[in-house]
Amino acid sequence: MRTPGKRDTGSWRSQRADARANRGRILDVAEEVFGKGGESASTEEVARLAGVGVATVFRHFPTKAALLEAVLVRRFDRLCEQAETLLDATDPGRAFFDFFSHLVADAATKIAIAEALLEAGGDSDGDAAQASNGLRRAVAALLQHAQHAGAVRDDVELPEVYALLVATSRAAAHAHLDQEVRARVLAIVFDGLAPLPNARAQTREQPELPRPHRRAST
């Protein structure tokens, strides 16, 4: 004999699981659709490709801007997790330069989604902006590790490095640089970040470096 209410509890849990699955699928599809189509993409297309009704999309995300912001937040959080993993790399210099390269290669999709969010009336100080600040802190931590390892010149700071990252990313995205040209551009940037040839070699004891503060999950 079933305990009263047990079937209802199981049904409720199943519905919650279905809702989470729908939300994840909507975000996956939205990232692809808006990453390719930018401002011209629509929530109707997202719903169709996700296999749900438009009403289901808006039940999870009341506005197009809310959907786009959730997509960006998830992307930034994912990148922060990757950066945090790289803090334990045995070669901090390679970890920093590889992550820099990854961000540049990923830029076109991110910029398309960000521009679509702006067009949809997104809040410039919202969750996506906070998540973006988290990525900036993650890059700072990787930079600091690379500098202490002697792989990056120690007379540059985060503002200059981030300016290079943003400029290179936008050039790669808007100029539609192919992989070969992008690699040459990155080689020039990385040459500029390399330790100066006439700098006196120093052996540094690796200190306990801070890790970026991760954004609290909501």
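Is phenylalanine 100 buried or exposed, and what is its relative accessible area? Phenylalanine 100 is buried, with a relative accessible area of 3%. Buried means under 20% relative accessible area, exposed means over 50%, and partly exposed lies in between (1.4 Å probe, protein chains only).

## About the model

This is a predicted model: local features need pLDDT of at least 70, side-chain atom pairs count only at pLDDT 80 or more, and totals for chains, interfaces and linings use all residues. Residues are numbered from 1 along each chain as its sequence is written, and side-chain values use heavy atoms, with hydrogens and water left out.

## Aromatic pairs

A pair of aromatic rings is described by the distance of the centres and the angle of the planes. Rings of Phe, Tyr and Trp (its six-membered ring) pair if their centres lie within 6.5 Å; planes under 30 degrees apart count as stacked, over 60 as edge-to-face and the rest as tilted. The structure holds four such pairs. One of them joins phenylalanine 96 and phenylalanine 100, edge-to-face, at 6.1 Å centre to centre and 65° between the planes. These two residues are separated by about one helical turn, because they are four residues apart in helix 5 (residues 92-119). Helices here are DSSP runs (H or I, at least four residues), numbered from the N terminus.

Phenylalanine 100 also pairs with phenylalanine 190. This pair is edge-to-face too, with 5.3 Å between centres and 85° between planes. Phenylalanine 100 lies in helix 5 and phenylalanine 190 in helix 8 (residues 179-193), so the pair ties together parts that are 90 residues apart in sequence. Phenylalanine 190 is buried, at 16% relative accessible area. Ring pairs link Phe96, Phe97, Phe100 and Phe190 into a cluster.

## The nonpolar core

A nonpolar core is a set of buried Ala, Val, Leu, Ile, Met, Phe, Trp, Tyr and Cys residues joined through side-chain atoms within 4.5 Å. The largest one has 54 residues. Those with the most contacts inside it are Phe34, Leu67, Phe96, Phe100 and Leu193. Helix 4 (64-86) is among the elements that give two or more residues to this core. The largest share, 11 residues, comes from helix 4. Domain 1 (19-62) and domain 2 (64-195) both give residues to the core, so it lies between them. The domain bounds come from an automatic or database domain assignment.

What does phenylalanine 96 contact, leaving aside its neighbours within four places in sequence? The contacts are Val139, Leu142, Leu143, Ala146, Val152, Val161 and Leu193. Contact means heavy atoms within 4.5 Å.

Asparagine 22 lies in helix 1. At 19% relative accessibility, asparagine 22 counts as buried. Not counting residues up to four places away in sequence, asparagine 22 touches Val52, Thr56 and His60.

The charged end of arginine 136 sits over the ring of tyrosine 162, 4.7 Å from its centre. The rule is that NZ of Lys or CZ of Arg is within 6 Å of the ring centre and within 35 degrees of the ring normal. Arginine 78 is in helix 4 and is partly exposed, with a relative accessible area of 33%.

## A loop residue

Histidine 176 is found in the loop between helix 7 and helix 8. At 67% relative accessibility, histidine 176 counts as exposed. Its phi is near 50°, a positive value in a residue other than glycine.
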